[in-house]
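I opened the model to look up a few local features and to record each with its cut-offs. The entries follow in the order in which I consulted them.

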Amino acid sequence: MVTMNIDLIAQMSCNPAIGGIAKGHLVREIDALGGIMGELTDSVGIQFRLLNTSRGPAVWSPRAQCDKKQYRIRMREWLENEPNLRILQAEVAGLILGDEAGGRICRGVRLRDGRELAAESVVVTTGTFLNGLAHVGETRYGCGRSGEAASTQLGDQLRTLDLQCTRDAKTARLTLDDPDERRRMHARVQMRRARLTRQMPMSVARTSRW
Ligand SMILES: Cc1cc2nc3c(=O)[nH]c(=O)nc-3n(C[C@H](O)[C@H](O)[C@H](O)COP(=O)(O)OP(=O)(O)OC[C@H]3O[C@@H](n4cnc5c(N)ncnc54)[C@H](O)[C@@H]3O)c2cc1C
């Protein structure tokens, strides 16, 4: 696994929320497939809510606020203890493409310092970094998560590959969210042994319109 900064693996972007509308379902799907995200969320969560309950059960969505620092620390510990996984701190600047199939077969990655890593398959999970953009009032600048650099070289290369690219937009909100009395867990494993612990109220920032 190649990542830009090992200390910032699983650093949450701004508010330490896991889940929410649509994403709550995604986290549970990751859990069903054996991913650690939901289990970790349940273990470091400080506030749990079920969103969208004014509508039908099909769109109810669990969301947890987590201890931001603990989430990052525990995720790194978990990855470092994963057998057969090596973590390398570097920036991937581009994919190495073979000549087959019109240059659309990936043979590895090229790092920013020029090193190359061969691979039979490459999974790109650049999150919010790929050609990342921050909008602060009228100002707009390229960046990854707060204070981190955007992944522009890889983003530029992917654009040349005729792939469909879209951009997700996030705005700020401000309200006070009370926790649900019952903890709504993300992981099936934890759900069975869920116990009610003291939860924290949360302030949420909200803009009037986008
Ligand atoms: C403002 C904001 C608010 C959000 N709010 C919520 C929320 O309320 N609830 C929720 O569930 N989600 C929320 N999200 C989304 C959530 O942050 C992402 O879905 C989640 O972080 C994605 O995880 P990831 O592991 O895919 O990517 P990320 O956590 O973004 O991690 C990507 C990793 O890839 C690495 N990387 C990127 N490019 C390269 C490269 N070229 N070479 C090497 N390494 C690279 C980075 O170093 C980073 O470690 C929010 C996102 C933002 C920006």
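This is a predicted model: local features need pLDDT of at least 70, side-chain atom pairs count only at pLDDT 80 or more; totals for chains, interfaces and linings use all residues.

For secondary structure I take helices (H or I, at least four residues) and strands (E, at least two) as DSSP runs, numbered from the N terminus. Residues are numbered from 1 along each chain as its sequence is written.

**Entry 1: T3**

I located T3 in strand β1. For exposure I count other C-beta atoms, placed from the backbone, within 10 Å of the residue's own: 20 or more is buried, 12 or fewer is exposed, and in between is partly exposed. T3 is partly exposed because 19 other C-beta atoms lie within 10 Å. I then looked up its contacts (C-beta atoms, placed from the backbone, within 7 Å). Leaving aside residues up to four places away in sequence, T3 touches I9, I87 and Q89. I also noted that the C-alpha atoms of T3 and A90 are separated by 5.7 Å, although the two residues are 87 apart along the chain.

I treat a residue as near a molecule if its C-beta atom, placed from the backbone, lies within 6 Å of it. There are 24 residues around the ligand, and M4, S13, A17, G127 and S151 come nearest. The elements giving two or more residues to this shell are β1 (2-3) and β2 (17-19). The largest share, three residues, comes from β2. For classes, I count Ala, Val, Leu, Ile, Met, Phe, Trp, Tyr, Cys and Pro as nonpolar, Asp, Glu, Lys and Arg as charged, and the others, Gly among them, as polar. The shell has 10 nonpolar, 11 polar and three charged residues.

**Entry 2: helices α1 and α2**

Which angle do the axes of α1 and α2 make? I found that the axes of α1 (residues 23-32) and α2 (residues 37-44) cross at roughly 115° and come within 7 Å. Axes are lines fitted to C-alpha atoms, for helices over the stretch in contact, with angles from 0 to 180 degrees between N-to-C directions. I therefore record α1 as roughly perpendicular to α2; the ranges are under 35 degrees for roughly parallel, over 145 for roughly antiparallel, 65 to 115 for roughly perpendicular, and oblique for the rest. V27, R28, I30 and D31 of α1 meet M37, G38, E39 and T41 of α2.

**Entry 3: positive phi**

N131, a residue other than glycine, has a positive phi near 50°. N131 lies in the loop between β8 (116-118) and β9 (133-136).

Technical notes
Two residues are in contact if their C-beta atoms, placed from the backbone, lie within 7 Å.
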